[in-house]
Amino acid sequence: MMDSISLINIEETHKRACERIVQLFSDEMKVNFIAENENHHEVAISFTEVTVIDDVCFVTGVMINDQGEAISSIETKLRLEANPIKKVKKQVKNLCLLKLMESYTGIIQPWGILTGIRPTKLYHSMRREGLSVDNISQQLSERYSVQKEKIELLANIATRQLAVVPDLDHIKNEVSIYIGIPFCPTMCAYCTFPAYAINGKNGSVEEFLTGLHYEMEVTGTWLKERNIKVTTIYYGGGTPTSITAREMDALYEKMYQVFPMADVRELTVEAGRPDTISPEKIEVLKKWNVDRISVNPQSFTNETLKAIGRHHSVEETIDKYKLSMEMGMTNINMDLIIGLPGEGVEELSHTLQVTSELKPASLTVHTLSYKRASQMTKYKEKYKVADRDEIHEMMKLAEDWMNKHSYAPYYLYRQKNILGNLENVGYAMDNHESIYNIMIMEELQTIIGLGCGASSKWVDPRTGDIDRYANPKDPQTYIDRYKDYTHKKVEMLSQLFPQ
Ligand code: SF4
């Protein structure tokens, strides 16, 4: 694969989009933007002017080698329909660029030119516009070059989401709540969540919890005053079960005291790391009617867990999963990651084999992504991961396995720098889908973030406009400033939901 490419005569406002498309093929590829007559020492791409004839935009892209000779060319066309001409002109060039790159590299992009946009959100917005399933498929294929299997996946997910949340299109006047507990027993190598070693020096747990109780109280009072319903509550982090059973008990007691709990459809606590789960903590979860927990294996190979710094064993995951089930917490999600260092088809097959013996209610299949601040990205050469073809094979293996074992996909999201330019997919057995996951992915209602690193997502019920507000990641900053953050958020909420 080449390591740089030149794009000729690209408008300033279009450069970022072109760069994103090229980097789908290799995130390390450098993109040079040059003028028509400038020399280039690598492959270059040039476009003709976009012409419009009878409601159709045409463009031809030419690939030129370092000797200045044309080596391939592709014509692309796109109907204007009701879309603004400027937008379609850019889109047709993007498609042309994608097709040239696909033919040059031999790599077909499953998601086409969809970057920086949530595929299911796009699907739902087309559905809401009144397009039929066939029309949506056609649009996704023609306008974005999304491959057939991904279009089918989107259609299945959209249908499932509507079955789980029939009022999906009208849920904007309710809110969900995310509560971030920023502590973990130890840090995993691929992690960029707000996670601090529970016995470390980043502020005391007790002081953090005092701040959190305060935030919950002020926010809960505001919600009750405005009569705003809460759809779901989700405890994440970090690992929310890394605090003690007594601290958990006090936290959930507070939640029931201060939040309007009557209409809450789902309460989730991410237990995440098996090494934090104990019988006392499970009792607390049950006492406060927690519906759903996660016990996350990531992989069922001990060497992998060691390599990524999980500090717990496969056996411990299995034991804690069985313990939770025996004690009555039966709605358990498990997270798996495709493409962990040293893992290929063989290791994934083994992980799926163990999973089939456990039969968790839901499974989230992540594809490893290189997050900028993680240890794994900083020391990339230390971690050997499977190549693109094997990652695709692993994804296919996981999909087939889910199908065979009665798990259906119900939410999906993509991340930057994700291996193989793939996606993360949540699967669940019937009636075990997480409503919170649907809410957060589809951005249909406001999510109020409380606690460390919790990001609030404001979805304006009148316009659908989205804004964000983040609490600090670092516990000490949170401890010092939680009152300011709380009141700022209530102020912002009051503008979103005026009386
Ligand atoms: S358990 Fe989760 S939140 Fe904690 S360090 Fe590992 S990946 Fe990060």
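The second largest pocket is lined by 19 residues, and of these Glu149, Lys150, Leu153, Glu399 and Tyr427 lie nearest its centre. A pocket here is an open set of points, on a 1 Å grid over the protein atoms alone, with protein on both sides within 12 Å along at least five of seven lines, and its lining residues have an atom within 4 Å of a point. This is a predicted model, in which local features need pLDDT of at least 70 and side-chain atom pairs count only at pLDDT 80 or more, while totals for chains, interfaces and linings use all residues. Residues are numbered from 1 along each chain as its sequence is written, and side-chain values use heavy atoms, with hydrogens and water left out.

The second largest pocket has a volume of about 450 Å³, a volume being the space filled by probe spheres set on grid points that are joined across faces, edges and corners. Helix H5 (148–164), helix H13 (388–404) and strand E15 (408–413) each supply at least two residues of its lining, and H13 gives the largest share, seven residues. Helices (H or I, at least four residues) and strands (E, at least two) are DSSP runs, numbered from the N terminus. By class, the lining of this pocket has nine nonpolar, four polar and six charged residues, where Ala, Val, Leu, Ile, Met, Phe, Trp, Tyr, Cys and Pro count as nonpolar, Asp, Glu, Lys and Arg as charged, and the others, Gly among them, as polar.

Rolling a probe the size of a water molecule over the atoms shows where empty space is left. A cavity is a set of points where a 1.4 Å probe fits but cannot get out, and the count comes to one cavity of 30 Å³ or more. The largest cavity is lined by Thr241, Ala271, Ile277, Lys281, Ile282, Leu285 and Ile293, with the largest share, three residues, coming from helix H8 (residues 279–287).

Around the ligand there are twelve residues, of which Cys184, Cys188, Cys191, Gly238 and Arg273 come nearest; a residue is near a molecule if one of its heavy atoms lies within 4 Å of it. This shell divides into seven nonpolar, three polar and two charged residues.

Turning to the whole, the protein chain has 15 helices and 19 strands. Its radius of gyration, taken over C-alpha atoms, is 24 Å, close to the 23 Å that the globule rule gives for 499 residues, so the chain is as compact as a globular protein of that length; the rule is 2.2 Å times the number of residues to the power 0.38.
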